[in-house]
Amino acid sequence: MEATEKPLAVPPNVFDPNCPTRQVLDRIGDRWTVLVVLTLLDATLRFTELRRAIPGVTPKALTATLRGLERDGLVERRVFAEVPPRVEYTLTPLGRSLEQPLRAVKDWAEEHIAEIEAARTRAQRP
């Protein structure tokens, strides 16, 4: 345990609605979080580069996602003293630790999308 970490009063339990792990699940279960983390696995990027790499994300959603990831210690934001200022985002070691589970979910989604679409079509039939 790092010096800045304080022990939890009770063991973590995601099924306890008062457990802070619920907030962690909300963070990593968010679609923009998944896409930002997967994108940053390959490179350190600027805001506009992230926006281009993740079609459909609005500036507001990307800003909120990056702020949350930074607050949670998953992303590091570096500001360079230039004119105009340059800001880059990179994954921290904690953020990189999400690689295996998020790639597994991504791979599963891509592998099973045809089955899911077929089930959705069947569910819409009267």
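The model is predicted: local features need pLDDT of at least 70, side-chain atom pairs count only at pLDDT 80 or more, and totals for chains, interfaces and linings use all residues. Residues are numbered from 1 along each chain as its sequence is written, and side-chain values use heavy atoms, with hydrogens and water left out.

I begin with helix α2, residues 31–40. Helices here are DSSP runs of H or I with at least four residues, and strands are runs of E with at least two, numbered from the N terminus. Eight of the ten residues of α2 are buried, so the helix is largely enclosed by the rest of the structure; buried means under 20% relative accessible area, with a 1.4 Å probe and protein chains only. Among them are Trp32, Val34 and Leu38.

Which residues of helix α4 does α2 meet? Trp32, Thr33, Val36 and Val37 in α2 meet Ala61, Leu62, Thr65, Leu66 and Leu69 in α4, where contact means heavy atoms within 4.5 Å.

I turn now to the strands. Strand β3, residues 86–91, is mostly covered, with five of its six residues buried. Strand β2, residues 75–80, pairs with β3 in the antiparallel sense over six bridges; strands pair if DSSP finds at least two bridges between them. Val75 has Leu91 as its bridge partner in β3, and five residues lie between β2 and β3 in the hairpin that they form. Strand β1, residues 45–46, also runs antiparallel to β3, joined by two bridges, and Arg46 stands opposite Glu88 of β3.

How values were computed. Buried means under 20% relative accessible area, exposed over 50%, partly exposed in between (1.4 Å probe, protein chains only).
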